[in-house]
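Please look over the sequence and the structure shown below before reading on.

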Amino acid sequence: GMKVPFSFDVNLKGSGAAGTAPEFGVALRACGYSEQITATAVPASAAACRAGGSTTVAQLGSAASSTPDAYNGMPLLLTSGVTGNTFITDYDASKNATLAETMGGTIDAGTNYQIPVNVLYKPASTSIPSVTAWIYEDGLLYKLLGCRGNVGLTLNSGGLWVARFSMSGMFASKFDASVVTPTLDNTVPPIFKNGKAKFNRASIAINSLTLENGNTVTNPDNPNALEGFDPAQITGRKYRGSIDPAATLIATRDVLTDLRAGTKRIIHAGCGSTAGNRIGLTIPEAILLNDSSGARDNLMIENIDFAPAGRDSGAYLCFW
């Protein structure tokens, strides 16, 4: 019935200009992510936090929004008293920002904060657009309409972050055509080194972190349509992920106790150092599913499978 599956990989990178969506942003949106652009820093100039914070919570000042979850998944720059760059995992109406890391001191009125310009992708259950795909193949051009699908992320230490797209479209036409000359930016993808990999706010030595959307994609039957069915629709999502940190003593990390108790943990990763080409992946609440031992280069590791919790808050991918 003229349904065409296709797949491709993308090396994750920013556009090179903070606040400008990356070139593959349209593909992320067609796989069930919404795109939110914060074009102006909040506040425009760094301002003081309020007193009453902690090492893991910043109480933002008057310029910040009072809308719950307004800044989930976004970076937070701290200067003056407590300094450093981190990410927000949860935000409430009282302007309390829960952080992905434990900072070096209590965040109080002596610390300035700013949420920088960024482009944020987060799960969406409504208004998921479809895209048109033009596939050039040895002098031929295939045009596919109504494309939606799935995306999985693989973050390898010392390598690039990769998004693997698998999509489905409806065949529209095929004709002879020379490959067009693409207009691409020259931003170089950042390498996952000198970055951040955190589990329960503690640094972990991993080889890789993976995250799969697990979208269910179907073409609804419709005899009124040209081919007897409608374009692909995303009807479900089942996030799954994995990490493989070096094994530690229980005093450092007790995954089996967390798994037995159903304790949710923050998982966060970040790479890149240049504005407009920095990336953060934040999973605010990871439900642990499995923990098994293994070895990597003759060193003991843990293989941890997890499921991000939350209807439209399981994972946030941010370019800033």
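## Strand pairing around E5

In this predicted model, strand E5 (residues 75-80) and strand E6 (residues 84-91) run antiparallel and are joined by four bridges.

## The largest pocket

The largest pocket has a volume of about 290 Å³. It is lined by 13 residues, of which Phe8, Val131, Thr132, Ala133 and Trp134 are the closest to its centre. Strand E1 (3-11), helix H1 (25-30) and strand E10 (131-137) are the elements that give two or more residues to this lining, and E10 gives the most, with five residues.

## The enclosed cavity

The structure also holds one cavity of 30 Å³ or more, and the volume of the largest cavity is about 30 Å³. Its lining is made up of Ala17, Ala18, Gly19, Thr20, Val119, Gly276, Phe319 and Trp320, which divide into five nonpolar residues, three polar and no charged.

## Aromatic pairs

Seven aromatic pairs are found in the structure. One of them is the stacked pair of Phe8 and Phe165, with 4.9 Å from centre to centre and 15° between the planes. This pair links distant parts of the chain, since Phe8 belongs to strand E1 and Phe165 to strand E12 (residues 161-176), 157 residues apart. Phe8 counts as partly exposed because its relative accessibility is 31%, whereas Phe165, with a relative accessible area of 2%, is buried.

Tyr121 and Phe319 form an edge-to-face pair, at 6.0 Å centre to centre and with 85° between the planes. This pair, too, links distant parts of the chain, with Tyr121 in strand E9 (residues 118-123) and Phe319 in strand E22 (residues 316-319), 198 residues apart. Tyr121 is buried, at a relative accessible area of 0%, and Phe319 is buried as well, at 3%. Elsewhere, ring pairs link Phe6, Phe8 and Phe165 into a cluster.

## Charges over rings

Two further contacts bring a charged residue over an aromatic ring. Lys3 lies over the face of Phe229, 5.2 Å from the ring centre, while the charged end of Arg278 sits over the ring of Trp320, at 3.6 Å from its centre. Trp320 is also one of the residues that line the largest cavity.

Methods
Residues numbered from 1 in each chain as written. Predicted model: local features only at pLDDT ≥ 70, side-chain atom pairs only at ≥ 80, totals over all residues. Heavy atoms only, no water. 1 Å grid on protein atoms, 1.4 Å probe; cavity = no way out; pocket = protein on both sides within 12 Å on 5 of 7 lines; lining within 4 Å. Points joined across faces, edges and corners; volume = space filled by probe spheres on them. Nonpolar A, V, L, I, M, F, W, Y, C, P; charged D, E, K, R; others polar. Pairing = 2+ DSSP bridges. Phe/Tyr/Trp six-rings, centres within 6.5 Å; stacked < 30°, edge-to-face > 60°. Buried < 20%, exposed > 50% of the residue type's maximum accessible area, 1.4 Å probe, protein only. Lys NZ or Arg CZ within 6 Å of the ring centre and 35° of its normal.
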